[in-house]
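Me: I would like to learn how to read some local features in a model. Can we go through them one by one?

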Amino acid sequence: MSNNSVIDLAQPAEHSLDQPINVPTGRRELRLRLGRWTWRVDRTTALVAALLAVAALLTGFISLALGDIRVPFDQLLPALLGNSERRYEVVVRDWRLTRVILALVFGFALGISGALFQSLTRNPLGSPDVIGFSSGAYTVALALMLFTTASAAQIAVGSILGGLLAAGLVFIIASREGTNGFRLIVVGIGVGAMLASANTFMLLAAQRQVAMSAAVWGSGSLNSVSNTVLGPSLVGIALFSVAAIFLQRQARILECGDALATSLGVSTRVLRAAMVIVGVGLVAVTTAAAGPIAFVALVAPQIAARLTRRAELDLLPAGCLGALLLVLADTVARVAFMPIQLPVGIVTVCLGGVYLIWLLVRESRS
């Protein structure tokens, strides 16, 4: 172990010029060697991420037992393994397991995406659902659902393109006098409001039955997510998450300022573009499958930062906390008002709205 905190999670074990600089902060780190690579992880970060991951998995496991048909806890594991009564196996494996897995995976994706954008804007309000990127993904996905016969894969691709277009528009408008985090947020809120108006117009113009289904999906819902989206969602989020992990080192350097990042060989424009693409991709995959789920991306990175006591970008705790928040919110949405199952987005909006009010009050005082 070492008492130095580092900027990266991975770099060559041998000495090289592009190795990250060790910054003595008194924090201890864990080192894991894999061939020529050494993975350095802050010990507190690893512990918090592990505890959050265990809590998320345990919450998801308990959620499998809850609902209109309750499964005894001593039958949960046998039902998952196919060694229980047939009715319990159907409830756990066919009805609830996919939903719990997607809640964990989508929450993880939203937590990482929120952390990327808050690092990029250097502002706690820099969440993709606040600055309009989620709205761009939702708008294109909604248009494809209402007015075309696009497949799920085409909707997912369109959702990613919509998020990127919204991000590009926000950056173009906000960067006329130099990139500024606060300006990005203000412009993003404006773009998001315009896109929300376009979404409302499309819902009013569409056929009633289709519009009603799209409106439920538009509030962020896992109620009708099928097994067919599980594989593509897992693959897409895994790819974008790995890309985010490899961007983390340079993103932390960028947080110290463009001048320092440039002096250390970081291409700031390329890095910002990569962070936007990865962050939007994570949100878009989630939006294409379950609709826009608000406030998880806003709340998870900040609570995770308080738990780890680190101000710099930390993706794994943010992702694990996002998974915990979403699976918990979905359990509440599914169980609290039985037999009615609420869209999970309603629960996250209620919880996130309270947090947003507190955050705005705190920011105005500072």
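Me: Where is the place of Arg-309?

Reply: This is a predicted model. Arg-309 sits in the loop between helix H11 (296-308) and H12. Its phi is positive, about 60°, although Arg-309 is not a glycine.

Me: Is Arg-309 buried or exposed?

Reply: Exposed means over 50% relative accessible area. Arg-309 has 73%, so it is exposed.

Me: Which phi does Arg-122 have, and where is its place?

Reply: Arg-122 is not a glycine, yet its phi is positive at about 55°. The residue belongs to the loop between H3 and H4. With 45% relative accessibility, Arg-122 counts as partly exposed.

Me: What about Gln-118, buried or exposed?

Reply: Buried means under 20% relative accessible area. Gln-118 has 11% and therefore counts as buried. It is part of helix H3 (residues 86-121). The Gln-118 side chain reaches the backbone oxygen of Leu-298 at 3.1 Å. Beyond four places away in sequence, Gln-118 touches several residues, including Asn-123, Pro-124, Ala-297 and Pro-301.

Me: How is the packing of two helices described?

Reply: By the angle between their axes and the distance between the axes. Here, helix H4 (residues 133-147) and helix H10 (residues 268-290) pack at about 45°, with axes 9 Å apart. H4 and H10 are therefore oblique to each other, and their crossing is right-handed.

Me: Which residues make that contact?

Reply: H4 contributes Phe-133, Ser-134, Ala-137 and Tyr-138, while H10 contributes Val-280, Val-283, Ala-284 and Thr-287. These divide into 6 nonpolar, 2 polar and no charged.

Conventions. Residues are numbered from 1 along each chain as its sequence is written. This is a predicted model: local features need pLDDT of at least 70, side-chain atom pairs count only at pLDDT 80 or more; totals for chains, interfaces and linings use all residues. Side-chain values use heavy atoms; hydrogens and water are left out. Axes are lines fitted to C-alpha atoms, for helices over the stretch in contact, and angles run from 0 to 180 degrees between N-to-C directions. Helices (H or I, at least four residues) and strands (E, at least two) are DSSP runs, numbered from the N terminus. Angles under 35 degrees count as roughly parallel, over 145 as roughly antiparallel, 65 to 115 as roughly perpendicular and the rest as oblique. A crossing is left-handed if the near helix is turned anticlockwise from the far one by less than a right angle, and right-handed if clockwise. Contact means heavy atoms within 4.5 Å. Ala, Val, Leu, Ile, Met, Phe, Trp, Tyr, Cys and Pro count as nonpolar, Asp, Glu, Lys and Arg as charged, and the others, Gly among them, as polar. Buried means under 20% relative accessible area, exposed over 50%, partly exposed in between (1.4 Å probe, protein chains only). A polar contact is a pair of N or O atoms within 3.5 Å; within protein, one must be able to donate a hydrogen and the other to accept it, and residues adjacent in sequence count only if both atoms are side-chain atoms.
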